[in-house]
Amino acid sequence: MGSLGNSANSKAVHEAGEDDYDHHKHLSPTHQQLDAGSWLHCGYHLTTSIVAPTLLSLPFAFTFLGWAVGIISLVVGALVTFYSYNLLSLVLEHHAQLGRRHLRFRDMANDILGPRWGWYYVGPTQFMVCYGSVIALTLLGGQCMKAIYVLSQPNGSMKLYEFVIIFGFLMLVLDQIPSFHSLRHINLISLFLCLAYSACAAAASIHIGNSSKGPTKDYGLKGDAESQIFGIFNAIAIIATTYGNGIIPEIQATIAPPVKGKMFKGLCVCYTVLIITFFTVAITGYWAFGNHSEGLLLSNFLDDGNPLVPKWFILMTNLFTILQLSAVGVVYLQPTNEVLERTFADPKSKELSARNVIPRVVSRSLSVVIATTVAAMLPFFGDINAVIGAFGFMPLDFILPVIFFNLTFKPSKRSLVFWLNVSIAVVFSALAIIAAIAAVRKIVLDAKTYRLFANV
């Protein structure tokens, strides 16, 4: 941490940051007009990046927590992330007013913590979170497509990896959209899609829970004491992943200046949708299926291949989920695209010249192909997702924002804000470490069932 007070380092970072910013500005002349959205567009981007189909795993997280701890965890997750995202926004606004508008998470870290933290911790962590999320979403898209196929063709011969490849192709096409701001219309549709499949999931859960078809309701925690303890921390990592964003600076960079207050309005839009969807799905799903809740709630709507609600309803719910998964996947590809563009693009050529378009299409396509291949090879990514939550989303979304705020604004050590931020950093650092151990333990226990290109 010695680098924090080192003025020479700070000067070097400032100059490096200016060069970086100038490069970005020079690289994409049309992006400067394109990426100038309103607070409403910001709300669409935030909703797509947070309110994603991972929320369908919340009833499964409740199986490790029970009713009381489950609901408390959801409430705490909502309060802490809303607070920390607003703190991040205030830090970004502060630097923008000083003439240093940060476009990326690692730029913030370079300025506030020093270059080593930015380049060797925050940058790689964000890349792992975003690219890991793309792999997880691609796998989930393939699983939803397979669910539709199995319902239509119970004796069909197509395997999971084939559906993962089909979904990957859809992502490959959407990933050619040039900039984050260009996704605003897709992300508006995505907002309605997440409301649609959440409503369908809740309605199906209530229908099955009230019928004699569903499982016997049992809300007891499964396993021995050790399994239950590790299960609690695994569930916390799942909830952290569900609330995770990891790209707040990139989203704030799409807002037209002056930025002041716009992010707060965007977060209000996002959290209105979030509260409706997260709590409805978690409560109705866990009420209907208890400790039989599957990792993906939609799997509970089938009992040994027999649908517990009308077939068309399951098909419709899966279709809404698939469409939103593709939008979320493209949002999480944006930081990777930005790195690729800065590596391969020529700032002296026009944005739409062959010199820039060809490398962009090739590099973006290659990144989607790699993500799709990994998703097809390792269809047990649910376990790895908990690792991403513990190692990635918890530091980026729960811990770093409060540290950035305290280091930037230096609140009095007697103030409530200072100690609230310190408490959040300490508690969630401890939770992240224990959750990481629990997630790695689960991978080790499940490793014996792993097979490449498994048809699960």
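Guide: Let us begin with a pair of helices. Helix α8 (residues 184-210) and helix α12 (residues 311-332) have axes that come within 9 Å and cross at roughly 145 degrees. This is a predicted model, in which local features need pLDDT of at least 70 and side-chain atom pairs count only at pLDDT 80 or more, while totals for chains, interfaces and linings use all residues. Residues are numbered from 1 along each chain as its sequence is written, and side-chain values use heavy atoms, with hydrogens and water left out.

Visitor: How are two packed helices described?

Guide: Two packed helices are described by the angle between their axes and the distance between the axes. Axes are lines fitted to C-alpha atoms, for helices over the stretch in contact, and angles run from 0 to 180 degrees between N-to-C directions. The helices themselves are DSSP runs (H or I, at least four residues), numbered from the N terminus. Here α8 passes α12 in a left-handed crossing, a term used if the near helix is turned anticlockwise from the far one by less than a right angle.

Visitor: Which residues of α8 and α12 meet?

Guide: Contact means heavy atoms within 4.5 Å. Among the residues that meet are Leu 193, Tyr 197 and Cys 200 in α8, and Phe 313, Phe 320 and Val 331 in α12.

Visitor: How many salt bridges does the structure hold?

Guide: Side chains of opposite charge can pair when their charged atoms come close. A salt bridge is a side-chain nitrogen of Lys or Arg within 4 Å of a carboxyl oxygen of Asp or Glu. The structure holds seven salt bridges. One of them joins Arg 100 and Asp 111, at 3.3 Å from N to O. Arg 100 lies in the loop between α4 (58-97) and α5 (105-112) and Asp 111 in helix α5, so this pair ties together parts eleven residues apart in sequence.

Visitor: What does Glu 338 form with Arg 106?

Guide: Glu 338 and Arg 106 form a salt bridge, their closest N and O atoms being 4.0 Å apart. Glu 338 lies in helix α13 (residues 334-344) and Arg 106 in helix α5, so the pair ties together parts that are 232 residues apart in sequence. Both residues are buried.

Visitor: Where do Arg 441 and Glu 226 lie?

Guide: The side chains of Arg 441 and Glu 226 meet in a salt bridge of 3.6 Å, N to O. Arg 441 lies in helix α16 (residues 416-446) and Glu 226 in helix α9 (residues 225-243), so the pair ties together parts that are 215 residues apart in sequence. Salt bridges that share partners also join Arg 104, Arg 106, Asp 107, Glu 338 and Arg 342 into one network.

Visitor: Where is Lys 410 placed?

Guide: Lys 410 is in the loop between α15 and α16. Its phi is near 45 degrees, a positive value in a residue other than glycine. Lys 410 counts as exposed, at 64% relative accessibility.

Key
Helices (H or I, at least four residues) and strands (E, at least two) are DSSP runs, numbered from the N terminus. Buried means under 20% relative accessible area, exposed over 50%, partly exposed in between (1.4 Å probe, protein chains only).
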